[in-house]
Amino acid sequence: MTELSKTGAAVGEPTPSNPSDAFLEVRDLKVHFPTDDGIVKSVDGLSFSLEKGKTLSIVGESGSGKSVTSLAIMGLHRLGARGKNVRMSGEIWLGGKELVGASPDEVRRLRGREMAMIFQDPLSAMHPYYKIGDQIVEAYRVHHNVSKKVARTRAIEMLDRVGIPEPAKRVDGYPHEFSGGMRQRAMIAMALVNNPELLIADEPTTALDVTVQAQILDLIRDLQKEFGSAVVLITHDLGVVAEIADDVLVMYGGRCVERGPVDEIFEKPQHPYTWGLLGSMPRIDRETSDRLIPVKGQPPSLINVPSGCAFHPRCPYADLPKGNVTRTVRPELQQVDGGHWSACHLSPEDRTRIWTEEIAPKL
Amino acid sequence: MSDTNKTDDAVIPQQASAPEKASEEREVLLKVEGLEKHFPIKKGILQRQVGAVKAVDGIDFEVRKGETLGVVGESGCGKSTMGRVITRLQDPTGGKVTFEGQDITHLSTAKMRPLRRDIQMIFQDPYGSLNPRHTIGSIVSAPFRLQGVEPEGGVKKEVQRLLELVGLSPEHYNRYPHEFSGGQRQRIGIARALALKPKLVVADEPVSALDVSIQAQVVNLMDDLQEELGLTYVIIAHDLSVVRHVSDRVAVMYLGKIVELADSTKLYESPMHPYTKALMSAVPVPDPKRRGQKSERILLRGDVPSPIAPPSGCRFHTRCWKATEICRTTEPVLLELRPGQRVACHHPENFADQAPQDTVLLTAAKEASELVGEAVLEEDAKTPAEPAAESEAETPAEAAEAPEASEDSTVAAQESQEPTGK
Ligand SMILES: Nc1ncnc2c1ncn2[C@@H]1O[C@H](COP(=O)(O)OP(=O)(O)OP(=O)(O)O)[C@@H](O)[C@H]1O
Ligand SMILES: Nc1ncnc2c1ncn2[C@@H]1O[C@H](COP(=O)(O)OP(=O)(O)O)[C@@H](O)[C@H]1O
Ligand code: SF4
Ligand code: SF4
Ligand SMILES: [Mg+2]
Ligand SMILES: [Mg+2]
């Protein structure tokens, strides 16, 4: 049986046939793009699951496969011309339905209703030439057989819900007439108009000022409380993670290197890359020691992924495990305890020692 | 960012802390007075001017030798414009800029040329700011060509030295920008900026386009270079955590104005301007244990007003939970209320009320206060009482001692104020 974490969001290794009670379950997902230079292994064996009412944060540097993962869940890789150039395998279970093997039509029916997505750039989700309200009305009527008038009332209600002032007037505005923060709100209103059970937010606040970010995070949190949706929040800001996540999944080079309940990831992180992320981050809440502790080197190529542990060229501890194991054997996720998993060859003793003696004191 | 004026880094032994005021005792390198940059808005066939974007609208500050001045504020508040004007990439429409005692406000291009060596700018976008058709060698050596300078040992040797200095390899000399990652390109931009051994480096969002791990590499690099070369930095960034980490002093901008200018530690530990407080409270703290402490969070309603028609009086009054009538009518002056902390507000936080007679909140303020954590409001309620009680006992000694005060137009105002010393 699967192991439930304390908060219940991320579970352990999925069982082979039947999906767990989790609302979303991703198993051994692979998304590869054949290109002239070779095969880009953007996501290469990713598994996680998420219950309703919980928030999972996916963190990792740019190019680690976060967006590709979210587009895969939404079934957006297989649309149009893009669809010919992608190879997907693995399973994505959403409320008991499997999506990787499903027909594009089946996935389309779920999109916008069972699952919805907020993007970093609201303009990519909204059409510049149509009124905000009409776009929300459209999104609603795709899944509800109601009159335009009813749908319009619903649109105004949603705009009000996300804190757009004077929604009855603003409903007839165009995207360019809205500020960045308001556009983001309008997109959230559109994403939530059908009360989706799964909301995927891909860097929803990265382009925004902290003041607006605070408003948007507050909004997502309130709406989640109200509707009990499952939320996948993709970000590279560990502050945002600490603020909103129940569970955290750390991605590196298209794989999960660590995942667990948010408290554990911040208090007892087990993977050298997670340590690197924490050490790189300047903090607003305290006078940090003089120097940050960056991760040296550059993100890995996803065409020629480093052998063994993909992090080994940048890992200060690569030589610690016996033999040449970090360079030859790919570490699999191992249970630390409860819902906390990490993929690293270091022994538990070494990890505890390095974290408590070398890393934590410097943060 | 420099080693000479860290305040309380007791953890790191070699960081033996110099006295608190070190930064203020240093020589002024750049002085800015009443600086304005208005962009005209023109309409119609005749292109008549119908208004102006007041991107920078009367700011005063100085940058001292060897320090790092951070500049923060929301998007559109005028940070980049300020940077471009003080480096004279754009001409100011008002005010004065003095560099090493010389008025450079209206220097002609020809007269500015020798100064271009001393004042350099690093840009936000490590992709857009490097010409893709030029080799790294030609990009980094451009300043020598433009200035007609022949470095000792030749250009190539010097460029290779610079590349090594910023952590790149001398072999990169003949490569092209597209072969480099974002972090590496930012290093190339830094190498180019340092070629002529500038005295002042203005960096506009030098790390915002980079991933956090790479960002840390560049922050450490800039830190090392400052120590090694005695550089002075003005670092513009919207990330308040980065700014806290790198800055000795920080200027907070709102709609073309500086609303608070203070030593970094003071600003972050005890902000006095309500906007500073709101801005800082909005930054998510990477500590899950502190989550949900809503009282710590101040949500600002709505968006920043337009810089074309900024609100009257205090520009923040449309979003401030403390705003009263005087805030709507009278613009607060940037005053050094506490040594090393200048603030422009009638009802500052953590300090004596500057307009205690004015107590009736504006309607907007009542709405705004719904969004303010209870703890903040409680604190507000307490603050005015304190100075009244202390005013007999305390003398404004601290304020009188404040360096710089003598040159400041704020002296008179200061003398009538009692620091709460909190
Ligand atoms: N050349 C220009 N013509 C007209 N308006 C301009 C021009 N340059 C800047 N502005 C306006 O001046 C204001 C300040 O712009 P600025 O680029 O300085 O903001 P900023 O604080 O750097 O913002 P960000 O954080 O988004 O970089 C904005 O309203 C902007 O639209
Ligand atoms: N359609 C595509 N064809 C080829 N490579 C792609 C495609 N989409 C994404 N990638 C690559 O997959 C990797 C992961 O991308 P992405 O998931 O967008 O990263 P992030 O974690 O920053 O969201 C990147 O190297 C990206 O260039
Ligand atoms: S497996 Fe080896 S290289 Fe990878 S993170 Fe662990 S110690 Fe570092
Ligand atoms: S209290 Fe008044 S002066 Fe101070 S920030 Fe608020 S509106 Fe401006
Ligand atoms: Mg992405
Ligand atoms: Mg800017």
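Which residues surround ligand 1? In this predicted model, where local features need pLDDT of at least 70 and side-chain atom pairs count only at pLDDT 80 or more, totals for chains, interfaces and linings use all residues. Residues are numbered from 1 along each chain as its sequence is written, chains are lettered from A and ligands numbered from 1 in the order in which they are written, and side-chain values use heavy atoms, with hydrogens and water left out.

Ligand 1 is surrounded by B:Phe39, B:Val53, B:Ala55, B:Ser75, B:Gly76, B:Cys77, B:Gly78, B:Lys79, B:Ser80, B:Thr81, B:Arg84 and B:Pro307 (each with a heavy atom within 4 Å of the ligand). Helix 2 of chain B gives the most to this shell, with four residues; helices (H or I, at least four residues) and strands (E, at least two) are DSSP runs, numbered from the N terminus. As for oxygen atoms of ligand 1, one is 2.8 Å from a polar backbone atom of B:Gly76, and one is 2.7 Å from a side-chain N or O atom of B:Lys79. Taken alone, ligand 1 exposes 640 Å², and the protein buries 64% of that (Shrake-Rupley method, 1.4 Å probe).

Then there is B:Leu194. Leaving aside neighbours within four places in sequence, B:Leu194 is in contact (heavy atoms within 4.5 Å) with B:Leu162, B:Leu165, B:Val201, B:Leu225, B:Leu229 and B:Leu231.

On confidence, the predictor gives the complex an ipTM of 0.85 and a pTM of 0.85. Chain B has a mean pLDDT of 83, with 82% of its residues at 70 or more; pLDDT is the predictor's confidence in each residue, from 0 to 100. Over residues 1-21 of chain B the pLDDT is below 50.

How values were computed: A polar contact is a pair of N or O atoms within 3.5 Å; within protein, one must be able to donate a hydrogen and the other to accept it, and residues adjacent in sequence count only if both atoms are side-chain atoms.
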